[in-house]
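Q: I would like to learn how to read strands, helices and contacts from a model. Please take me through one case.

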Amino acid sequence: MLYDLSGVTKRYTQGRKTVDALAGIDLQIADGEFLAIQGSTGSGKTTLLQMLGALDRPSSGSLVYEGRDVAKLGEGDLAELRSHSYGFVFQSFNLIPTLTAQENVETALVPWHVSGDERRRRAAEALAGVNLADRARHIPSELSGGEQQRVAIARALVREPKVILADEPTGNLDERTRDDIIGLLEELWRERGQTLIVVTHDTWVAGRASRRIWLVAGKLEAPPVDDRPGAEAAAAPAPEPALQA
Amino acid sequence: MFFTYIYRELRRRHRQALLTALGLAVGVALVVAVTAYAGGVRDAQDEVLQSLYGVGTDITVSQTAKQGEGGPQSFGMQPPDASQSGKKFTRDAITASPGQESLAATRVETISGLDGVAVASGSLSLSSIHVEGSFAEMSGGGSAGGGSATQPAAGATPQAAASQAPIKVSSFSISGVDVTDLELGPLSSGEVTTGRSFASADTNANVALVTKAYAKQNSLAVGDVKKIGGVKFEIVGIVTLPSGSTSSDLYIPLARAQQLSDNAGKVNQIYVRADSAQSIAAVKKEIKATLPKATVTTAQDLADQVSGSLASASNLADTLGKWLAIAALVAAFAVASLLTVSAVSRRVREFGTLKALGWKSRRIVGQVLGESVVTGLAGGVIGVALGIAGARLITALSPDLQATMGSSAQLPAGAPPGAGAMAEALGGAAQTVTVQLAAPISLDLALLAVGLALTGGLLAGGLGGWRASRLRPADALRRLD
């Protein structure tokens with residue numbers, strides 16, 4: 001197993017109030033899996049994703065990634081993990097507004113201390129991989145939403161991480177662009193065999209995953225029954241991808 | 001990536017960056033202008049002190065004459081006998097400067113041997129007075145003879161002359177100097193512009209240096225002869241001294257001055273140079289112990305006595321100016337820090353994303369510091385330019401400043417006619433020096449200004465960077481823009 005979560009909780013204190021964003025999560029994620037995390041707003045999806053991406057530590061429980069308990073790692077080790085193992089795609093793209101598309105992709109390689117030429121070469125390749133080579137010198141404000149998300153995907157993939165974590169990657173996109181982006185993510189997942197974990201409230205997007213989990217108030221629950229016409233077909237998990245040789 | 005990011009970020013928020021730089025620039029400019037002004041005041045004070053004191057002199061030693069001691073200078077203005085009544089007369093006398101008692105020249109050697117003294121040299125300040133007029137007309141059996149210009153002979157009853165032609169008094173001042181060491185003493189701040197200065201071989205020669213002003217006034221040139229005490233002295237050089245300096249009109253070798261004024265082996269002023277600035281106070285104490293009756297004055301003592309607009313300017317620079325500059329600098333640092341922290345707060349999501357990409361805190365702090373250093377550097381350059389402009393303005397608009405020290409000679413009661421002119425001839429007027437204030441900017445000052453601005457930038461960047469480093473990626477990404 002790539003991930004093994006056991007009794008993971010995350011507690012926040014807001015003044016006198018204590019909020020359990022995650023309340024005892026037990027979860028295993030296999031290497032190469034396409035997992036969708038669903039749930040309503042405030043259910044803890046993003047918090048779980050941040051735990052899986054070592055952006056935060058659990059308040060209690062164990063979160064083992066490749067045999068290492070993330071809960072016990074220091075900030076330096078977490079940064080090291082983030083720079084080598086994970087690629088992030090955010091709902092708001094989170095591109096640096098003053099840097100070009102190429103430079104935004106390069107920011108992912110800065111922690112690797114590679115030479116400037118190597119950094120530029122790899123970033124150019126990553127942009128070409130998402131069909132944005134011709135937009136490399138444009139800053140985010142000159143790109144459409146879909147193009148910006150492609151840049152973010154290129155940035156997430158340039159280091160060839162083991163895990164791609166996408167938090168509502170299509171949340172700010174129109175339907176057609178959503179389809180393009182999810183299609184791109186799925187295609188890249190199939191080609192590269194990386195583990196893809198997507199947080200989404202979009203049932204159609206979740207339907208593309210090989211497995212779905214549902215969060216309610218910080219706990220894993222069975223997915224709700226959806227009696228809308230065609231809902232059953234949409235809720236059915238996508239077929240398992242063929243294993244890479 | 002580092003410099004590209006800095007450049008792009010500063011370009012994006014160029015207004016805020018410019019505001020931060022300008023804030024630092026104003027603070028720095030004030031420091032530059034005030035420091036330049038204070039430097040100009042110090043230069044003016046040094047100029048005043050050098051003109052009063054001479055270059056290289058740390059301490060002067062003199063002795064004030066006791067009241068009632070020494071007879072008054074007698075010019076014999078009463079007719080010796082009745083046959084001379086109403087006849088014309090001329091008199092010449094060389095006297096030591098009033099108010100000063102002479103010291104044995106051996107004291108110079110004594111002081112030279114004290115701990116902390118590098119070198120000592122003595123001089124003799126004299127006045128040559130020429131009196132001409134007509135003897136008073138005698139009336140009745142008045143006693144004759146012995147009347148002095150300044151007070152009647154002891155015991156004599158002043159005779160009211162029925163008619164007295166005006167007495168003309170002219171004088172010039174003379175300094176007898178140690179020709180073997182001109183680096184110390186009254187000629188140390190002078191520059192021989194025509195002819196030559198004294199040489200060691202001139203110790204007993206009848207040679208003189210004359211100041212440029214006196215030479216011009218009396219149409220004297222190198223090679224001319226000037227009678228001093230009835231003795232012909234050849235003018236070998238014309239010397240220019242700083243304006244307002246306590247200069248004499250003529251300078252002759254000390255030995256000749258002693259002989260002409262019947263002050264063999266005497267001096268009335270000793271100049272001392274200490275071997276270091278730190279030993280001046282100790283040397284002063286030693287001299288006071290050696291010569292308890294002497295007046296021992298350091299350059300600092302002299303500076304403390306200076307009054308006038310220069311003294312006021314000095315106080316202004318030291319008090320108001322200094323604190324104003326410090327306050328402005330603190331305010332500039334505070335503004336820069338606040339603006340930087342505010343900018344970091346607006347980039348929380350950006351920094352959170354970079355942390356999510358694996359950027360370490362110190363890399364992000366370095367980025368913020370880099371932006372602040374560039375802003376600080378810009379502020380420093382602008383501040384120096386503004387400071388130079390401010391200093392130039394001070395130089396252009398500043399009025400001439402005056403430094404006054406010393407006091408007027410007072411005439412004793414019952415002085416006879418002509419005594420006023422005599423008193424003026426004998427000297428003792430208050431010394432006022434006029435200097436023009438400049439506010440000089442040196443390379444050191446410019447570098448200091450840039451350094452201050454950089455410090456402000458680093459302070460602001462450090463604060464902002466610390467703020468950025470404390471961000472937790474999860475919290476940062478949770479924030480809405």
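Q: How many bridges join strand 1 of chain A to strand 2 of chain A?
A: Two strands pair if DSSP finds at least two bridges between them. Helices (H or I, at least four residues) and strands (E, at least two) are DSSP runs, numbered from the N terminus. Here strand 1 (residues 3–14) and strand 2 of chain A run antiparallel and are joined by ten bridges. Opposite A:T9 stands A:A23 in strand 2, and A:Y12 has A:V19 as its bridge partner in that strand. The two strands form a hairpin with two residues between them, and A:G15 in the turn has a positive phi of about 65°.

Q: What kind of model is this, and how are residues and chains labelled?
A: It is a predicted model, in which local features need pLDDT of at least 70 and side-chain atom pairs count only at pLDDT 80 or more, while totals for chains, interfaces and linings use all residues. Residues are numbered from 1 along each chain as its sequence is written, and chains are lettered from A and ligands numbered from 1 in the order in which they are written.

Q: Which residue of strand 4 of chain A stands opposite A:T9?
A: In a regular strand the side chains alternate between the two faces of the sheet. In strand 4 of chain A, A:S60 stands opposite A:T9. Strand 4 (residues 60–65) runs antiparallel to strand 1 of chain A, with five bridges between them.

Q: What is the strand order of the open sheet in chain A?
A: The order is 2-1-4-5, four strands with antiparallel pairing. Strand 2 (17–29) and strand 5 (68–69) of chain A each have a single partner strand, so one side of each is left without a neighbour in the sheet.

Q: Is helix 1 of chain A buried or exposed?
A: A residue is buried if 20 or more other C-beta atoms lie within 10 Å of its own, exposed if 12 or fewer, and partly exposed in between; C-beta atoms are placed from the backbone. Eight of the eight residues of helix 1 (residues 45–52) are buried, so the helix is largely enclosed by the rest of the structure. Among them are A:K45, A:L48 and A:Q50. After helix 1 comes A:A54, with a positive phi near 60°. Of the 245 residues of chain A, 43% count as buried.

Q: How many residues of chain A are in contact with chain B?
A: Two residues are in contact if their C-beta atoms, placed from the backbone, lie within 7 Å. On that basis 17 residues of chain A are in contact with 18 residues of chain B. Helix 2 (75–85) and helix 3 (101–107) of chain A each supply at least two residues of the side that touches chain B.
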